[in-house]
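Subject: Handing over a structure

Hello,

Below is the structure that I promised to pass on to you. Could you keep it open beside this email while you read?

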Amino acid sequence: MMAQHQWIFLTLLLIGCVLAVGVLRQSRKKRLFRDFNIQTSTDQTTPLWDKFGAFINQLVSNDTQDVEQKFLAAGIYDKRWSKLFMPVKYAVLLVGGTGILLWSQLQQWPSTWLLIGELVWLVMIIIGPDTYLNLRKRARVKAISNRLPYMLDLMAVCVQTGMTIEASITYLSREMAAFDRDLSFLLTRVNERSRIVGLEQALEELYQRVPSNEMRSFVMTLNQSLQYGTSIYGVLTTLSADIREVQLLQVEEKIGQLAAKMSIPLIVFIMIPIVILIAAPGIMRMLANA
């Protein structure tokens with residue numbers, strides 16, 4: 001039994017070392033590119049080890065800045081949670097792994113069950129929280145894109161009253177905090193970044209935080225207005241109406257797909273039982289006569 005536990009420990013240690021080396025290599029590469037302001041690119045010549053490290057690095061957060069960015073993208077704006085994320089994560093991993101080992105000794109599990117339990121717990125704790133943050137990020141991007149037309153209407157009203165784009169962003173970042181925390185936070189970040197790097201670069205960073213077609217249209221519209229000095233009120237109202245129309249078309253498309261999706265449970269739960277009920281008496285009589 002002692003030898004089996006040693007083999008299990010060595011196997012888990014080897015898996016952890018492989019994951020750690022891949023993550024550290026990718027993290028070091030990202031820091032190097034960040035220091036020299038180089039944009040990474042994925043092409044066919046990328047070594048398999050670097051691809052593995054990039055994949056693991058997307059699932060496992062190992063940098064404080066990356067963890068903070070993931071929490072902000074997921075809509076969790078309190079930085080205290082991002083600082084506690086890694087210690088709590090690995091503390092739960094250690095406590096849970098020790099608990100599984102002690103429970104297996106009390107229940108006298110086979111070594112195979114113990115290894116499977118430890119591996120499942122390892123995968124759940126390492127990948128689970130980051131996967132949850134990614135799901136929250138996608139849901140947040142979708143929710144912000146759906147609420148973007150209302151912000152465009154408010155910004156158009158502000159511009160019509162005589163405000164500049166910068167003043168309207170500052171005003172809306174304060175007023176929208178009471179009923180839309182996500183849009184208020186994004187506008188506040190745009191307002192703060194525009195004072196440092198300019199409004200055009202701040203809008204590009206806004207699109208990087210919310211990578212959706214609606215946000216890209218909004219950013220391109222404002223940048224075009226800033227570059228060429230075109231009237232922004234009519235463009236904002238037109239863009240808001242276009243986004244609402246696209247969203248309505250998407251809803252209609254989902255409604256149209258509903259009939260095709262309902263055909264599968266219709267066949268499985270209704271058609272097949274009806275065929276069985278019709279054919280079963282004849283088959284039973286044939287078997288009885290035989």
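Helices here are DSSP runs of H or I with at least four residues, strands are runs of E with at least two, and both are numbered from the N terminus. Please bear in mind that this is a predicted model, in which local features need pLDDT of at least 70 and side-chain atom pairs count only at pLDDT 80 or more, while totals for chains, interfaces and linings use all residues. Residues are numbered from 1 along each chain as its sequence is written, and side-chain values use heavy atoms, with hydrogens and water left out.

Coming back to that crossing, the axes of helix 7 and helix 8, the latter made of residues 199-209, come within 7 Å and cross at roughly 145°; such axes are lines fitted to C-alpha atoms over the stretch in contact, with angles from 0 to 180 degrees between N-to-C directions. On the helix 7 side, the residues that take part are Leu 186, Arg 189, Val 190, Arg 193, Ser 194 and Val 197, and their partners in helix 8 include Leu 199, Leu 203 and Leu 206, where contact means heavy atoms within 4.5 Å.

Two further residues of helix 7 deserve a look. Ser 184 lies in this helix and counts as buried because its relative accessibility is 7%; buried stands for under 20% relative accessible area, exposed for over 50%, and partly exposed for what is in between, with a 1.4 Å probe and protein chains only. Leaving aside residues up to four places away in sequence, Ser 184 touches Ser 173, Met 176 and Ala 177.

Seen as a whole, the protein has ten helices and zero strands. Of its 290 residues, 32% count as buried, and its accessible surface comes to about 19,200 Å², of which 66% belongs to carbon and sulfur atoms; these areas come from the Shrake-Rupley method with a 1.4 Å probe, and for residues only the protein chains shown count as cover. If we take the contacts between residues at least 6 apart in sequence, 65% of them join residues at least 24 apart.

How many aromatic pairs does the structure hold? There are two, a pair being rings of Phe, Tyr or Trp (its six-membered ring) with centres within 6.5 Å, called stacked if the planes are under 30 degrees apart, edge-to-face if over 60, and tilted for the rest. Phe 71 and Phe 85 make an edge-to-face pair, with 5.3 Å from centre to centre and 75° between the planes. This pair links distant parts of the chain, since Phe 71 belongs to helix 3 (residues 64-73) and Phe 85 to helix 4, 14 residues apart, and both of these residues are buried. The rings of Tyr 77 and Phe 185 are stacked because their centres lie 4.1 Å apart and their planes stand at 25°. Tyr 77 is in the loop between helix 3 and helix 4 while Phe 185 is in helix 7 (residues 181-197), so this pair ties together parts that are 108 residues apart in sequence. Tyr 77 counts as buried because its relative accessibility is 15%.

Another ring, that of Tyr 150, has Arg 244 over its face, at 5.0 Å from the ring centre; a charge sits over a ring if NZ of Lys or CZ of Arg is within 6 Å of the ring centre and within 35 degrees of the ring normal.

Finally, there is a residue with a positive phi. Most residues other than glycine have a negative phi. Gln 108, however, has a phi near 55°, and its place is in the loop between helix 4 (79-107) and helix 5 (111-160). Is Gln 108 buried or exposed? Gln 108 is exposed, because its relative accessible area is 67%.

Best wishes
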